[in-house]
Amino acid sequence: MFQNLLLAKRRELVGDVLNLTDQALRGNTSGGGSTVPLHMADIGSDNWEQEFTLGLIENERALVREIDEALDRIEARTYGVCIATHRAIETTRLRAKPWAKYCVEYARLRELGRVP
């Protein structure tokens, strides 16, 4: 069940990364015709959009890496076990975030900066 969810999400993300990469390479994230800005403000806007798109790409790639790690844990039969506390990760958490590697309690402590 979780393997199928992970694989479907991975396919979706890879498609998104390819589309975003294509947009960033074209230098036109707005989908308009010409990529030549006519005004200095347009240049700044185009640069901001390209930086924003590159940030999205990096976030999507990071999530693909997390999904790959979860798939590796499935293969190693350690999926569903918190890698920090070695306690079971709740099924409800895995349904919401199938690539989760930490139990809720440990994830909260990480968010608060109380553990590495």
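## Overall architecture

The chain folds into four helices and zero strands, and, read from the N terminus on, its elements follow the order α-α-α-α. The model described here is a predicted one, and every value quoted below was computed from it. The chain counts 116 residues, and of these 27% are classed as buried.

A search over the whole structure gives four salt bridges, and three of them are described here, including one within helix α1 and one that joins separate parts of the chain.

Within helix α1, which covers residues 2-26, Lys9 and Glu12 stand three residues apart, so that about one helical turn separates them. These two residues form a salt bridge in which the closest N and O atoms are 3.5 Å apart. Lys9 is partly exposed, its relative accessibility being 25%, and Glu12 is likewise partly exposed, with a value of 44%.

Another salt bridge brings together the side chains of Arg65 and Glu58, with a distance of 3.0 Å from N to O. Here Arg65 is partly exposed at 42% relative accessibility, and Glu58 is partly exposed at 40%. A further salt bridge is formed by Glu69 and Lys101, whose closest N and O atoms lie 3.5 Å from each other. Because Glu69 belongs to helix α2 (residues 40-75) while Lys101 sits in the loop between α3 (91-96) and α4, this pair ties together parts of the chain that are 32 residues apart in sequence. Glu69 is partly exposed, having a relative accessible area of 35%, and Lys101 is also partly exposed, at 23%.

## Aromatic pairs

Three aromatic pairs are found when the whole structure is searched. In one of them, the ring centres of Phe2 and Tyr79 are 5.6 Å apart and the ring planes make an angle of 45 degrees, so this pair is classed as tilted. The pair links distant parts of the chain, since Phe2 lies in helix α1 and Tyr79 in the loop between α2 and α3, 77 residues apart. Phe2 is buried, with a relative accessible area of 15%, and Tyr79 is buried as well, at 16% relative accessibility.

Trp48 and Phe52 form an aromatic pair of the stacked kind, with 5.2 Å from centre to centre and 10 degrees between the planes. Both residues of this pair belong to helix α2, where they are four residues apart, or about one turn of the helix. Trp48 is exposed, with a relative accessible area of 56%, whereas Phe52 is partly exposed, with a value of 44%.

## Cysteines

The structure contains zero disulfides. The sulfur of Cys82 has its closest cysteine sulfur in Cys103, at 3.8 Å, which is too far for a bond, because a disulfide requires the two sulfur atoms to be within 2.5 Å.

## The largest pocket

The largest pocket has a volume of about 170 Å³. Its lining is made up of Glu66, Arg93, Lys97, Trp99, Ala100, Lys101, Tyr102, Ala107, Arg110 and Glu111. Helix α4, which spans residues 104-111, supplies the largest share of this lining, namely three residues.

Key: Residues are numbered from 1 along each chain as its sequence is written. This is a predicted model: local features need pLDDT of at least 70, side-chain atom pairs count only at pLDDT 80 or more; totals for chains, interfaces and linings use all residues. Side-chain values use heavy atoms; hydrogens and water are left out. On a 1 Å grid over the protein atoms alone, a cavity is a set of points where a 1.4 Å probe fits but cannot get out, and a pocket is an open set with protein on both sides within 12 Å along at least five of seven lines; lining residues have an atom within 4 Å of a point. Grid points are joined across faces, edges and corners, and a volume is the space filled by probe spheres set on the points. Helices (H or I, at least four residues) and strands (E, at least two) are DSSP runs, numbered from the N terminus. Buried means under 20% relative accessible area, exposed over 50%, partly exposed in between (1.4 Å probe, protein chains only). Rings of Phe, Tyr and Trp (its six-membered ring) pair if their centres lie within 6.5 Å; planes under 30 degrees apart count as stacked, over 60 as edge-to-face and the rest as tilted.
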